[in-house]
Amino acid sequence: MQETRLAVLDGLVDNQALPEIMKKIITRLEEIHPEMCVKIEICDEAFNGNLFRLSLAAADLNVFSEKSASNGSNSPVSWSIPFCGSAGEILGYFHLTYLRPRQPSASELKLINEFACIAGLAVTRIHADTTLRQAATVFESTREGVIITDLEARILTVNRAYTDISGYTETEVRGQNPRLLQSGRQEPLFYQELWASLRENGHWQGEICNRRKNGEIYPQLLSISVVYDSQGEPSHYVGVMTDISQLKQSEAQLEHLVHYDPLTHLPNRRLVQSRLQHAIERAERQGQRVAVLFLDLDRFKNVNDSLGHPAGDELLTTLAQRLSERLREEDTVGRLGGDEFLIVLENITEPEDAAGVAQTLLKLLEKPFSLTTSRAHVTDELLEAGIKCRHEVYIGVSIGISLFPDDGRTVTELVKHADVALYQSKEQGRNTYRFYTPTLTAAANERLALEARLHRALANEEFVLHYQPQFDTKNNALIGCEALVRWQSPEEGMISPLRFIPIAEETGQIVVLGEWVLRTACIQGKRWLDAGLSPLTIAVNLSGRQLQQRDLVQRIALILKETQFPAHYLKLELTESMIMGGGEQAVELLHALKALGPRLSIDDFGTGYSSLAYLKRFPIDELKIDQGFVRDIPGDQNDMEIAATIIAMARNLHLKVIAEGVETQAQLDFLIRQDCYACQGYLFSRPLSATEFARAILKKPH
Ligand SMILES: Nc1nc2c(ncn2[C@@H]2O[C@H](COP(=O)(O)OP(=O)(O)OP(=O)(O)O)[C@@H](O)[C@H]2O)c(=O)[nH]1
Ligand SMILES: [Mg+2]
């Protein structure tokens, strides 16, 4: 017996597997009682008891059947005797089978009980070992950092995850107080509450900022529990920590997506509206004003069209930076979408404060934006040479301002009214700001009414063409005229094209209107020719929308055929941005138009962002300097330089230049000095009706 006990203990010390040890017990028992066949069944699933039992049983069955055959017996008797752990729990069974039916004797039972004790001891020990090993594996392999301290909070041990998270090795922290991890971000009160909770509930859990060895501060979810000994007395603390910096980061990213504009990283419409809501509430309490500034870039479409969408994006991003840098901490700037921005100004006492900010913003845009041009907008030669094109771009912004509580008390009202005021800024020349006034709303309503009337006007033939003559600057000879559409409304009288053309552009009615203008001008030109008046070129504007029509060339060919107006007396005016952004297609379209016979002119030249090299590829005859550059001659040095440059550039490209909006002799003198080919403007004549034109201009020798 003693021998067996020693053998088992040896096995345990040598870390032998349980089946080995059990085998020893079985062998020993069967040696003592050769007529007995022994099987051991272990209950604990953790030992894979099923497998163990099967393998032993299979071996024993062979033995058993041999023994049973040699003895000629056919009714063996079996006994099952349980063996238990220290707490009396059943760990397994000894199954005894006698080759001849009989009951175990008292001495046999005593012996089996003693062997059961030894088996129990082996199972319990191995069980404990396994549990410990499993716990140790969990401790080492878990992704949570674990830290065990004594009751004085001295660190006893930490796991690998802890060293990974904190950056400290176990040796560095052993014996230390976890205080060494503190970030300094938590108030002393925070720690007082933590200890109080540990004392009262034996547990604390929460988020805490700690410091890694490299100084980095990171958020973690920490759970501390008191460990009690077998007497129920506290013996240790165990802290389990999860590094949640990744989680926090994802949370922050999500928050960013929901509330911020991905392009400019400014607050989006949702966030800026919520900030405005809070600003309104604060202002209400403090008796202050809030100003809402609605910004929309001027002719931003030109940038996209001429330089490409990525360049437009670059401009928006740079602008967003400029705006944010310039505003105060308490102000909010957000992007509503497209080229629209909203600014909320708090602590405003007088409307002038808001006007001051608006002026500052306009000033911000006096500096040009330097943009990289996309591939489609540089020529192949440049690309081959590996030259990256950067463009200096000036852009204006129009601003509408509404004030709380003066112009509205809710977010919706304030934003809507700022938008109405913005529209007014656009109407009144752009690159400026306007405050909301109730009359502006009336104007907005009127605009809607105008849109509806425009539909009828086309059907009712309320439009007429006026003709403004163009003269050779050198000899004052009449070289042609521009056909300009006028709306003679039965209700309102003459409506300015500045009012209805933008609406017609937006609604698409410009296509029908543009075609009507072309046809009418051709009919008129043919009439003048037939009347024997001196032939002249008639210029007609084509809108961007018309250029997008797939059958534009055929349509124009048809009009020329129907009206019998000679194509070489027709001049088509296209705007710069319309063709600059059109790529190869625009080149093809212009060649097709040109093949019909008319001359081609680029209108509003200087307002877009033409690439000189690109311009060469279009079959253009003429550039028209935008009246914006002519208006301030000779006062504005800048404008004069631009006009002079355009003229010089056109000369190099062998293009003619015509200046529009010439109103004063000084302007004309300047243009003559620069060798500008032709002029058009009030200095010579305002646009005239066909009859007036024929009478005053065509017959007048100039
Ligand atoms: N590059 C770029 N362009 C955008 C984006 N969102 C909208 N746009 C363009 O921004 C332009 C906004 O046009 P509008 O403000 O209506 O017109 P505009 O040309 O600026 O002229 P006005 O505002 O009337 O002076 C449109 O051409 C849009 O295609 C964007 O995220 N990136
Ligand atoms: Mg705009």
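Hi everyone. Let's start with a pair of strands: strand 22 and strand 23, the latter covering residues 656-659, run parallel and are joined by four bridges. Before I go further, please keep in mind that this is a predicted model.

Staying with that pair, leucine 623 stands opposite valine 657 in strand 23. Strand 22 also has a partner in strand 21, residues 599-605, and there the pairing is parallel too, over three bridges. Leucine 623 turns up again here, as the bridge partner of isoleucine 602.

What about the two faces of strand 22, residues 622-625: buried or exposed? Remember that in a regular strand the side chains alternate between the two faces of the sheet. In strand 22, Glu622 and Lys624 lie on one side, Leu623 and Ile625 on the other, and all of them are buried. So a glutamate and a lysine are covered here, along with a leucine and an isoleucine.

Five strands build it, in the order 10-11-9-14-15, with mixed pairing. At the edges sit strand 10 (332-337) and strand 15 (433-435), each of which pairs on one side only. On average, neighbouring strands in this sheet are turned by 20 degrees against each other, ignoring direction.

Inside that order, strand 9 and strand 11, residues 340-348, run antiparallel and share seven bridges. One example to find on your screens is leucine 293, whose bridge partner in strand 11 is isoleucine 343.

Which elements each supply at least two residues of the shell around ligand 1? They are strand 9 (289-297), helix 10 (300-307) and helix 11 (309-326). Helix 11 gives the largest share, with four residues.

The shell is made up of nine charged, four polar and three nonpolar residues. Of the 16 residues around ligand 1, the ones that come nearest are Asp296, Arg299, Asp313, Lys426 and Arg430.

Let me pick out some polar contacts. An N or O atom in the side chain of lysine 426 is 2.7 Å from an oxygen atom of ligand 1. For arginine 335, a polar side-chain atom lies 2.9 Å from a ligand oxygen. With leucine 297 the backbone does the work: one of its polar backbone atoms is 3.0 Å from an oxygen atom of ligand 1. As for cover, ligand 1 taken alone exposes 650 Å², and the protein buries 68% of that.

Conventions:
Residues numbered from 1 in each chain as written. Chains lettered and ligands numbered in written order. Predicted model: local features only at pLDDT ≥ 70, side-chain atom pairs only at ≥ 80, totals over all residues. Heavy atoms only, no water. Buried < 20%, exposed > 50% of the residue type's maximum accessible area, 1.4 Å probe, protein only. Pairing = 2+ DSSP bridges. Near = heavy atom within 4 Å. Polar contact = N/O pair within 3.5 Å; in protein donor to acceptor, adjacent residues only side chain to side chain. Areas by Shrake-Rupley, 256 points an atom, 1.4 Å probe, with all protein chains shown as cover. Nonpolar A, V, L, I, M, F, W, Y, C, P; charged D, E, K, R; others polar. Axes fitted to C-alpha atoms, helices over the stretch in contact; angles between N-to-C directions.
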